[in-house]
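Hello,

Here is the structure for you to look over. My notes on the ligand site, pockets and cavities follow below.

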Amino acid sequence: MDDRGTFPHFMIKEIFEQPRAVRDTAMGRVDPNTGRVKLEGVHLRAEDFEKFRKIRIAASGTSRHAGIAGRYMIQELAGIPVDVEHASEFEYGNPITGPDELTIVITQSGETADTLGALRLAKTRGSHTLALSNVVDSTIGLEADAVIYTHAGPEISIASTKAFDAQLAALFLLAVYLGEMRQTLTAEQSKYWISELLAIPDKIQSVLTRDPECSALAERFYKYDDFLFIGRGVHFPIALDGALKMKETSYIHAEGYPSGEIKHGPYAMIDEKLPVVAIATRDKSDAGAVERQQRTLNNLKEIKQHGGHVIAIGTEGDQEIEDYADYVVYVPPAPDLLSPLLEIVPLQLLAYHIAVRRGVDVDRPRNLVKSVTSE
Ligand code: BG6
């Protein structure tokens, strides 16, 4: 008997395993008393991190979306410039890299050929390399100079869910670690960020109780053939992955877009046939986050004026958002940099429930494999 347990599909089982995946990925790597982060497998000294003038992230699919969120986390907490690249395009950019750069490759399987190719090229050009992998002793994990394993457990469903949330947690840990190494974070600040990360698994558990709401939304929208997902800042890669989940599992054309960009073209597509899913959470303790959300609400106002349907992901306690959206799925309050670990869950559930209603083989969607081992 396969170990789906009582779940009808691996995808929904793995979505419900995310509290444990995030908890286990943080486990043993943080000292909750001091906020100090310990990353076994990363044998680079403070002075090594000191001399890195840039970080480059290369990855594919959902792992690249995690990399984009990691960029916001690392630039915010450690102040190192970060570029994120499609692993499949890496070699074509003739990457100018060397010993004063760190190349991070992110991969669930640890075997994706494009990502392995990017790792090997970065190494030949003298860059330090660090891998994030969910499979211990995977090729990429063994070939990189340093490795951080995510502990999401085996991921069977082709669409990546729990490995993504574990990657976000691992990248957040890395950002705090770099911030400590480069002294851009005080001990107090590290302690604050680590305590907020350790609170995330319970908050994910609470988001999972909104599964029936997401199923009801799927019942409302499963016949639509196009979706637009929007998000701003660290929320933009969540819009990208929400769209990818919809494509992978439901064969629906879906696009992820920075909220601010939609007025430069995509507004033309808005009508009653295009549901718009907006990441519009609000960390009211962060003035910048409040400002960003306000701008997204302005987008939603225009989308409604153009006849669009709006599904918003909002923060519990924020009633104002109901004036701008037809449907709101609430997630618990969290710092702006960490709320992506909550926001992705309703998007995964929506894609899953739509796929089931469209009769798709949710765990084995057509034309896809779990790890693309040829370039
Ligand atoms: C695809 C999977 O084959 O590869 C995606 O269907 C995944 O879910 C992508 O995100 C990248 O895989 P990996 O293992 O390198 O993260």
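**Cavities**

The largest cavity holds about 70 Å³ of space. This is a predicted model, in which local features need pLDDT of at least 70 and side-chain atom pairs count only at pLDDT 80 or more, while totals for chains, interfaces and linings use all residues. Residues are numbered from 1 along each chain as its sequence is written, and side-chain values use heavy atoms, with hydrogens and water left out.

First, the terms. The search runs on a 1 Å grid over the protein atoms alone. A cavity is a set of points where a 1.4 Å probe fits but cannot get out. A pocket is an open set with protein on both sides within 12 Å along at least five of seven lines. Lining residues have an atom within 4 Å of a point. Grid points are joined across faces, edges and corners, and a volume is the space filled by probe spheres set on the points.

The structure holds two cavities of 30 Å³ or more. Residues lining the largest cavity include Arg-232, His-235, Ile-279, Arg-292 and Asp-336. Which helix gives the most to this lining? Helix H12 (residues 287–305) does, with four residues. Helices (H or I, at least four residues) and strands (E, at least two) are DSSP runs, numbered from the N terminus. The lining of the largest cavity has three nonpolar, four polar and three charged residues. Here Ala, Val, Leu, Ile, Met, Phe, Trp, Tyr, Cys and Pro count as nonpolar, Asp, Glu, Lys and Arg as charged, and the others, Gly among them, as polar.

The second largest cavity has about 40 Å³ of space. Its lining has eight nonpolar residues, with no polar and no charged ones. They are Cys-214, Leu-217, Ile-311, Ile-313, Val-329, Pro-346, Leu-347 and Leu-350. Helix H10 (211–221), strand E9 (309–315) and helix H13 (340–357) each supply at least two residues. H13 gives the most, with three.

**Ligand site**

Where does the ligand sit? The ligand is in the largest pocket; to count as sitting there, more than half of its atoms must lie within 2 Å of the pocket's grid points. The ligand is surrounded by 14 residues, each with a heavy atom within 4 Å of it. The closest are Ser-63, Thr-107, Gln-108, Ser-109 and Thr-112. By class, this shell has three nonpolar, nine polar and two charged residues. Its largest share, three residues, comes from helix H4 (residues 61–78).

The distance is 2.7 Å to Gln-108, 2.9 Å to Thr-62 and 3.0 Å to Ile-158. Taken alone the ligand exposes 400 Å², and the protein buries 92% of that. These areas come from the Shrake-Rupley method with a 1.4 Å probe.

**Pockets**

The largest pocket has about 540 Å³ of space. It is lined by 21 residues, and Ser-60, Gly-61, Thr-62, Lys-370 and Val-372 lie nearest its centre. H4, strand E3 (101–107) and helix H11 (236–250) each supply at least two residues of this lining.

H4 gives the most, with three. By class, the lining has six nonpolar, three polar and five charged residues.

Best wishes

Note on methods
A polar contact is a pair of N or O atoms within 3.5 Å; within protein, one must be able to donate a hydrogen and the other to accept it, and residues adjacent in sequence count only if both atoms are side-chain atoms.
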